[in-house]
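Have a look at the structure first, then read on.

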Amino acid sequence: MANKTLARQLVEAFGYPETMQKLYSEDIVWSMTKSLGRMAGPYVGRDAVIAFNERVWGSFYTPEGEIEILDDLGDDEQGAVRFNYKTTLRSNGKPYELEYIVFAHGRDGLLTEVFESLDSLGSVNLFADQPMDRNPYRR
């Protein structure tokens, strides 16, 4: 792939808000899976999105990580990337590995909208130091 889509550039910059913010339009909106409650956003405007990114990597994850791209579709106006994200939890120093999907919209070479989807049950379990696939409803 000669040129990377905005969605892929964003995903590959996960962990580094100073790099991520170079991709944002002033009117960017970032939202996440509603099952994440208040954390799901939406975060409206460049300053709000940057503050959210800084909180995520300053409080929850270490910035160093690995991105494994599974699917990368679209262009700069509409793109989607499915990927595995591996990093370390700040709370306990344990490994964090989860599958994510980012849908992105862009205009004039900058991101205008990001929707981030993740395995929210897996994430909650990892933060609670439980097996990722622990489902209390499964028998």
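Arg 82 is partly exposed, with a relative accessibility of 28% (partly exposed sits between buried, under 20% relative accessible area, and exposed, over 50%, using a 1.4 Å probe on protein chains only). Keep in mind that this is a predicted model, where local features need pLDDT of at least 70, side-chain atom pairs count only at pLDDT 80 or more, and totals for chains, interfaces and linings use all residues. Residues are numbered from 1 along each chain as its sequence is written, and side-chain values use heavy atoms, leaving out hydrogens and water.

Arg 82 forms a salt bridge with Asp 71, their closest N and O atoms being 2.7 Å apart (a salt bridge is a side-chain nitrogen of Lys or Arg within 4 Å of a carboxyl oxygen of Asp or Glu). Asp 71 is in strand β3 and Arg 82 in strand β4 (residues 78-88), so the pair links distant parts of the chain, 11 residues apart (strands are DSSP runs of E, at least two residues, and helices runs of H or I, at least four, numbered from the N terminus).

Which residues do salt bridges with shared partners join into one network? They are Lys 4, Arg 8, Glu 12 and Asp 72. Lys 4 and Glu 12 meet at 2.8 Å, N to O, while Arg 8 and Asp 72 pair at 3.4 Å. Both Arg 8 and Asp 72 are buried.
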